[in-house]
Amino acid sequence: MTRTENEIWSNSWVMTHAEEMLPMLIQIRRRLHQHPELGTDEYETGAIIREYLDQWGISYQYPCADTGLVALVKGKKTAACPETAGGENPSCQGGMVTVALRADMDALPVQEDESRSYCSRNPGVMHACGHDAHMTIALGAAWLLKKYEKEWAGNVKIFFQPAEETCGGAERMVQEGCMENPHVDYVLGLHMMPSYEYGEVELKYDDLNASSDEVRLIITGKGCHGAYPDGGIDAITAAAALIQSLQSLVSRRISPFQNAVLSLGTIKGGTAANVVAERVEVEGTLRTTNPQTRRMAKAYIRQMTENICRAYGGEGETIFNPGYDALINNNEIVDLVVETVSQTLGKEHVHFKPFPSLGVEDFSFFLNKAPGAFYHLGCACREKGIGAPLHNSQFDIDERALSLGAALQVMLVIKLLKRA
């Protein structure tokens, strides 16, 4: 009996085939785990990924953002381009929709607990954030889609992205054209989450992660002898007034319904105990979850710096070094993830994050270019002692999450490929 497309790509069919892949996925993940590399140095990591892609006959573009790569799996089933309400879908090239999956590659400067047989072989470097699992899940999805390439229509790109933990490899990949040729219509990402057990999924509508900006305040006065302060302009006094005033940014200038935090972490100034300081530098970070709030907060910080320093007779300069943008999910795609997880695991295994994280995630740069969603995959197993937090030397995963992650990504890809 010939299987129909719906039978082949049913949730149960995908789960069964993903679970059959688990031994292979465990082997891949442990190999990647043993060879972690820091951001922008993922040369061996990339070589391992390319080895599997070559073995499976999957094409790729390398390099992208120096150490990253973009794999491409093409479905061989012909299909008409989905139509929008107004007629043809202009983003659909050659009758094909393109979905992208993201897998970050870099590790952290953490010395791993060496009790595990597959622990890091690179001293002082560890996959303590689950990126080895993210790459493995993406490879598993690619393998399954390639094996059954005659049974689906469209394109699937896989972004093996460097430097998520450091300088933002996602933005560089976008700048180098990863979202084009073919144009990406939808993008998906996931992250290991040890606060949930295996089989649990966490999601959030709208804003999931904050944007970040490094803030540098330069307060300039006039130095003089400490015995004669009237002859100078005390940059320390001005800085103190400025720091105190900026504490009102969140409490009085930003709506309580918005999320923001300004943390000033360093202050440097002065040359001697008996000299009025001529210059003070203050550094910190600004985090917001709304682009409009981000713009307003930066304008307020700049205005306060200039005006307060001027009131004390000095000058104030504000320098912002933009970090990552806020990660804002597309709610229609979140709905699709909720539906898929509920059908596969049961709606009781779907959890909604009540508040956005003020931590950052550079998946945001892909979402700036195409609708998509980012979700968290439970990877803890308390019975096995697996549950250490991210960025911890004891971090590990319940490896069953590898097959579940690959299955969910494939299910979502197939559904998105059929969307207008």
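Trainee: How do I read the packing of helix H2 and helix H12, and at what angle do they pack?

Mentor: Two packed helices are described by the angle between their axes and the distance between the axes. In this predicted model, H2 (residues 11-20) and H12 (residues 400-417) pack at about 145°, and their axes are 9 Å apart. The crossing of H2 past H12 is right-handed.

Trainee: Which residues in H2 and H12 meet?

Mentor: From H2 come Asn 11, Val 14, Met 15, Ala 18 and Glu 19; from H12 come Ser 403, Leu 404, Ala 407, Val 410, Met 411 and Lys 415. Seven residues of this contact are nonpolar, two are polar and two are charged.

Trainee: What pLDDT does the chain average?

Mentor: The average is 95, and 94% of the residues score at least 70. Over residues 83-91, though, the pLDDT is below 50. Where pLDDT is low, the predicted coordinates should not be read in detail.

Trainee: Now for pockets. What volume does the largest pocket have?

Mentor: Rolling a probe the size of a water molecule over the atoms shows where empty space is left. Here the largest pocket has a volume of about 380 Å³. It is lined by 19 residues, and the closest to its centre are His 191, Asn 209, Val 360, Glu 361 and Leu 390. Strand S7 gives the most to this lining, with three residues.

Trainee: Which residues are the closest to the centre of the second largest pocket?

Mentor: They are Thr 166, Ser 212, Glu 214, Gly 323 and Tyr 324, out of 14 lining residues. This pocket holds about 270 Å³ of space, and strand S10 gives the most to its lining, with three residues.

Conventions. Residues numbered from 1 in each chain as written. Predicted model: local features only at pLDDT ≥ 70, side-chain atom pairs only at ≥ 80, totals over all residues. Heavy atoms only, no water. Axes fitted to C-alpha atoms, helices over the stretch in contact; angles between N-to-C directions. Helix = DSSP H or I, 4+ residues; strand = E, 2+ residues; numbered from the N terminus. Left-handed = near helix turned anticlockwise from the far one by under 90°. Contact = heavy atoms within 4.5 Å. Nonpolar A, V, L, I, M, F, W, Y, C, P; charged D, E, K, R; others polar. pLDDT = per-residue confidence, 0-100. 1 Å grid on protein atoms, 1.4 Å probe; cavity = no way out; pocket = protein on both sides within 12 Å on 5 of 7 lines; lining within 4 Å. Points joined across faces, edges and corners; volume = space filled by probe spheres on them.
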